[in-house]
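Hi,

Here is the structure I promised to pass on to you. Have a look at it first, and then read my notes below.

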Amino acid sequence: MKKLLFLLVVSTSLFSGELEELYLKGGISAVQEKIEKNLQSVEYWSDSLKNKELKYGYHDDKSRLIIVADKTAKNISVNQYEDSKLKEVKNSEIITGLMGEKLLEGDLKTPVGVYDITRRFTPPTTYYGPVAFSLSYPNLYDKLRKRTGYGIWIHGYPMEGDVRENELETKGCIAMKNDILESFEDIVQNNSAIVIISEDGKPKSSSLDIAVIFAQLFAWKDAWTKSDLDRYISFYHNDFRRFDGMKIAEFTQMKKRVFSKNESKIIEFKNFNITPYPNIDGKNIYRVNFDEKYRAASYNFDGDKTLYVEVADNKMKILVEE
């Protein structure tokens, strides 16, 4: 016993940090509680993010290309991380479909939002140039708002016949001259890439918004872990839709049944990508993507989680959960 007390005294003298002191006084559970509390603090995240490049959001996946297309300026840029700093590696002119938010199939409008490049392929005809890249329109956020249409591509100009640029119509796609498209292809190839399409300038992403999102994500996770229904539901927007179309009232009742079991849960989030989501409604929306690990007696999950959230008054509200 005396030896144990001696070791504790020696250990205390060696560990001068707050977390070490917590560990010595309350064990690993006290340390975990302190860390979880920090992760729910906007101040903690604001300090953590202060030296990060956030103009196109926060991205743990530094290999992912960030492509920004502006329908108004008729411009596209390709950006990638180099030594943890964003670098523009390509910038060129484009033509797009009609202005305004894409609502219906056949309205000839280029969608506004955030999309993944899903594949690189050779177009079915030379009208679309030598190569094309398909976008993930409509995404789940589009589908739950009844947006229709398909086949939104980044492609080239017709390879045959006279090409009059002022007469070209893309029917909602993004098109660029073929020599530019080929250099675009050299950069993009089969890399992971997101495409941010805006109509009124580059997307607006603030460090405060991202700090709020991080803090609220971990507060949401804490409420979820503890089966605190009222606190958990408080993070959802009144207009919330789940991936299957479930609305907030039905979703709340479903979660009430699940939480009533009081199951012990382990929930872990990692590998975050938080992207500003342009829209013509003037809302402050972000697409939030991360890896989720969930462990409970009745259900296990390891996979990708995507949320579409609105940030207002330093609060995050979940619009769509995928």
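This is a predicted model: local features need pLDDT of at least 70, side-chain atom pairs count only at pLDDT 80 or more; totals for chains, interfaces and linings use all residues.

**What I found**

The buried residues of helix 8 are Ile248, Phe251, Thr252, Met254, Lys255 and Phe259. They sit on the same side of the helix because they cover an arc of only 165° around the axis. You will notice that a lysine, Lys255, is among them.

Now the protein as a whole. It has 8 helices and 14 strands, and its C-alpha trace spans about 95 × 45 × 35 Å along the principal axes. Of its 322 residues, 48% count as buried. If you take the contacts between residues at least 6 apart in sequence, 59% of them join residues at least 24 apart. The exposed surface comes to about 17,100 Å², with carbon and sulfur atoms supplying 49% of that area. On the charge side, there are 47 positive and 49 negative charges, and their mean positions are 6 Å apart.

A few backbone details may interest you as well. As background, most residues other than glycine have a negative phi, and most peptide bonds are trans. Which residues does a cis peptide bond join here? They are Tyr137 and Pro138, with omega at about -5°. Pro138 belongs to the loop between strand 6 (132–135) and helix 4 (140–144).

- Lys171 has a phi of about 55°. It is placed in the loop between strand 7 (153–155) and strand 8 (174–175), and it is exposed, with a relative accessible area of 59%.
- Asn314 has a phi near 60°. Its loop runs between strand 13 (300–312) and strand 14, and at 45% relative accessibility Asn314 counts as partly exposed.

Another asparagine I looked at is Asn178, in helix 5 (residues 178–188). Is Asn178 buried or exposed? Its relative accessible area is 18%, so it counts as buried, the cut-off being under 20%. Leaving out residues up to four places away in sequence, Asn178 touches Gly129, Pro130, Gly156, Tyr157, Pro158 and Met159.

Finally, a word on Gly151, which lies in the loop between helix 4 and strand 7. Gly151 is partly exposed, with a relative accessible area of 34%. Between its C-alpha atom and that of Pro203, 52 residues apart along the chain, the separation is 24 Å.

Notes. Residues are numbered from 1 along each chain as its sequence is written. Side-chain values use heavy atoms; hydrogens and water are left out. Buried means under 20% relative accessible area, exposed over 50%, partly exposed in between (1.4 Å probe, protein chains only). Helices (H or I, at least four residues) and strands (E, at least two) are DSSP runs, numbered from the N terminus. The arc is that of the directions from the helix axis to the C-beta atoms. Contact means heavy atoms within 4.5 Å. Accessible areas come from the Shrake-Rupley method with a 1.4 Å probe; for residues, only the protein chains shown count as cover. Lys and Arg count as positive and Asp and Glu as negative; His and the chain ends are not counted. The place of a charge is taken as NZ of Lys, CZ of Arg, CG of Asp or CD of Glu.
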